[in-house]
Amino acid sequence: HRTAGRILIPAGVLTALSGMWMAVFYQLPAGDGVALLVLRLLFGSAMLASIALAVRAIIRRDFVTHSEWMTRAYAIALGAGTQALLLIPSGILFGAHSEIPRAVVMGTAWALNLAVAELVIRRRAALSGVTR
């Protein structure tokens with residue numbers, strides 16, 4: 001686990017930073033706009049913060065908190081997959097997305113992932129008897 005963390009933590013940081021860099025410096029695709037740019041920066045920053053808090057927790061040898069923050073960072077990282085799962089059917093049902101509906105669907109995907117992560121975190125805590 002320690003070896004994997006030494007690889008995955010820098011990879012996660014690079015993923016969040018590169019996603020934010022692309023959001024700011026790449027030409028926006030059709031259907032994207034300021035709302036989605038803001039969401040990408042918000043969730044990229046949240047992923048970075050989650051990783052930083054996980055590192056801080058592991059330095060303190062607080063394994064439970066480390067696990068919680070890494071779960072949140074992972075949920076954000078998986079947002080692209082959930083976005084595809086939501087964008088494809090909504091595009092088929094409602095047609096091509098303009099800026100705001102696309103941003104809403106993509107933001108919903110990140111929020112859904114984080115909601116599932118929080119359920120997992122709380123279930124783990126309940127099963128282990130840890131109260132927060």
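Me: How many helices and how many strands does the chain have?
Reply: This is a predicted model, and the order of its elements from the N terminus on reads α-α-α-α-α. Counted by type, the chain therefore comes to five helices and zero strands.

Me: Which residues does UniProt list under "transmembrane region", and what percentage of residues 100-121 is helix?
Reply: The unreviewed UniProt entry lists residues 7-28, 34-59, 71-94 and 100-121 under that name. In the model, residues 71-94 are 96% helix and 0% strand. For residues 100-121, whose end C-alpha atoms lie 31 Å apart, the helix share is 100%.

Me: What distance separates the end C-alpha atoms of helix α4, residues 79-94?
Reply: Helix α4 has 16 residues, and at 1.5 Å a residue they should span 22 Å.

Me: Which helices do the buried residues of α4 pack against?
Reply: The buried residues of α4 are Gly79, Thr82, Gln83, Leu87 and Ser90. They cover an arc of only 125 degrees around the axis, so they sit on the same side of α4. From there, the buried residues pack against α3 (63-77) and α5 (99-128).

Me: Which exposed residues does the face of α4 turned away from its buried side carry?
Reply: Exposed here means over 50% relative accessible area. On the face of α4 turned away from the buried side, the residues that pass this cut-off are Leu85, Ile88 and Ile92.

Terms used
Residues numbered from 1 in each chain as written. Predicted model: local features only at pLDDT ≥ 70, side-chain atom pairs only at ≥ 80, totals over all residues. Heavy atoms only, no water. UniProt positions renumbered as here; feature names shortened; annotations may be inferred. Helix = DSSP H or I, 4+ residues; strand = E, 2+ residues; numbered from the N terminus. Expected span 1.5 Å × (residues − 1). Buried < 20%, exposed > 50% of the residue type's maximum accessible area, 1.4 Å probe, protein only. Arc of directions from axis to C-beta. Contact = heavy atoms within 4.5 Å.
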